[in-house]
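Student: Please pick one part of this structure and go over it closely with me. After that, carry on to whatever else you'd like to show me.

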Amino acid sequence: MKDRLQEIKSKALAQIETAEGLETLNEVRDAILGKKGELTAVLRGMKDVAPEDRPLVGQWVNEARDAIEAKMADKLKLLESQALKLRYETEKIDVTMPEVTRKKGNLHPVTQVRNQLIDIFASMGFEVVETKEIENDYYNFTALNTPADHPARDMQDTFYLSEDFLLATQTSAAQIHTMEKKNPPIKMVAAPGRVFRSDDDATHSPMFHQMEGLVVDKGITLCDLKGMLDELVKKLFGKDTTTRLRPSYFPFTEPSVEVDVSCFQCKGAGCKLCKGTGWIEVLGAGVVNNKVLEGCGVDTKEYSGFAFGVGLERIAMLKYGINNIKMLFESDVRVLSQIDDEM
Ligand code: DAH
């Protein structure tokens, strides 16, 4: 019996010694200590051993098992540490390696200006609505107090799709759509706003983006417009910027104004940007003409409003020193990548 146990033990120890992986080690364990293992078989055979010999044989069996288990545990540790070492080597990260840089893109300057304006207007409590690129004659002109024979139509001589439908020449139709859907108080900006006109030179393009604004409430006057604009230009161009209003004409506002900002480059001293005047024209605005409000069913005895329309390319050109509007549409990454002004 002793020899048999010695034989099992030395075979097991040799097998454990040479096992190259966890799998082989498990196989050895099963073959020796498992249910059908050799040592287990010896233990089962204990009943046939004479009772007086049992303690001694039991001791031998235990010794053999302990030796095998100890060897097994050592080997397991060794194999695990080898596996870990291998992982460390294969998954090694060299933190001193130069990073793989990926070129970061930026938003188009017009999109940046749009986002900035939306942020500013939203902070003043304006709701943002959408505009349409195709309008019919009524929304684009007639409802804006510009009937078919009105000379103001000539300025926006444009792209008709049919007798009645045309590519929107201005975002002002959004005023009418909004008032048809909603009763005052109204405080909205119409997000751009692609508009189309037969206009083409260094500062004009047949397609450009506008943002329209409309406020209708009790007691709204030109002062409210001026106050709102002053706040707007400070946030957009810097806190020293102010505005001035010049009389103008739009069929849908009365009175109508052109809004100038104090030149944010020379602070009013006169420079190339402001053509020596200290002021730069940025947008059109006015007090909403009663005819427009009444056409939309707004009671003008109770309510009044102001409106404005701003060209986004114009703001982008001023803010980023772009002197030709075409640069904004040529998609030249060398130009566009220079302008990254996300607030
Ligand atoms: N729609 C005008 C244009 O395209 C801009 C404008 C002027 C809009 C005055 C307005 C406004 O809402 O009140 O030239």
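Tutor: Helices (H or I, at least four residues) and strands (E, at least two) are DSSP runs, numbered from the N terminus. "Cover" rests on contact, meaning heavy atoms within 4.5 Å. Buried means under 20% relative accessible area, exposed means over 50%, and partly exposed is in between (1.4 Å probe, protein chains only).

A word on what you're looking at: this is a predicted model, where local features need pLDDT of at least 70 and side-chain atom pairs count only at pLDDT 80 or more, while totals for chains, interfaces and linings use all residues. Residues are numbered from 1 along each chain as its sequence is written, and side-chain values use heavy atoms, with hydrogens and water left out.

Back to helix 2. This helix runs over residues 22-33, twelve in number, and spans 16 Å from first C-alpha to last, close to the 16 Å expected at 1.5 Å a residue. (The expected span is 1.5 Å times one less than the number of residues.) Which of its residues are buried? They are L25, V28 and I32. These three sit on the same side of helix 2, because they cover an arc of only 60° around the axis. The arc is that of the directions from the helix axis to the C-beta atoms. Turn to the other side of helix 2 and you find E23, E27 and D30, which are exposed.

Now follow the chain on to A50, in the loop between helix 3 and helix 4. A50 counts as partly exposed, because its relative accessibility is 27%.

Next, two spots in the backbone. The peptide bond from P184 to P185 is cis, with omega near 5°, and P185 belongs to the loop between helix 7 (173-181) and strand 4 (186-190). The bond from E254 to P255 is cis too, with omega near 0°, but P255 lies in strand 8.

Let's move to the pockets. On a 1 Å grid over the protein atoms alone, a pocket is an open set of points with protein on both sides within 12 Å along at least five of seven lines, whereas a cavity is a set of points where a 1.4 Å probe fits but cannot get out; lining residues have an atom within 4 Å of a point. Grid points are joined across faces, edges and corners, and a volume is the space filled by probe spheres set on the points.

The largest pocket holds about 860 Å³ of space. Its lining has 36 residues, with R197, F208, Q210, F250 and G309 nearest the centre. Strand 9 gives the most to this lining, six residues. By class, the lining has 15 nonpolar, 14 polar and seven charged residues. Here Ala, Val, Leu, Ile, Met, Phe, Trp, Tyr, Cys and Pro count as nonpolar, Asp, Glu, Lys and Arg as charged, and the others, Gly among them, as polar.

The second largest pocket has a volume of about 440 Å³. It is lined by 15 residues, and T203, K272, L273, K275 and L318 are the closest to its centre. Strand 9 and helix 10 are the elements that give two or more residues to that lining.

K275 is in the loop between strand 8 and strand 9, and counts as exposed because its relative accessible area is 74%. F264 is also found in the loop between strand 8 and strand 9, yet F264 is buried, with a relative accessible area of 15%. Leaving out residues up to four places away in sequence, F264 touches F237, T241, L273, I280, L318 and K319.

L318 takes us to helix 10. Why is helix 10 largely enclosed by the rest of the structure? Because seven of its nine residues are buried: L312, E313, I315, A316, M317, L318 and Y320. Those buried residues pack against helix 5 (109-123), strand 6, helix 8 (222-237), strand 9 and strand 10. Just after helix 10, G321 takes a positive phi of about 65°.

Methods
Expected span 1.5 Å × (residues − 1).
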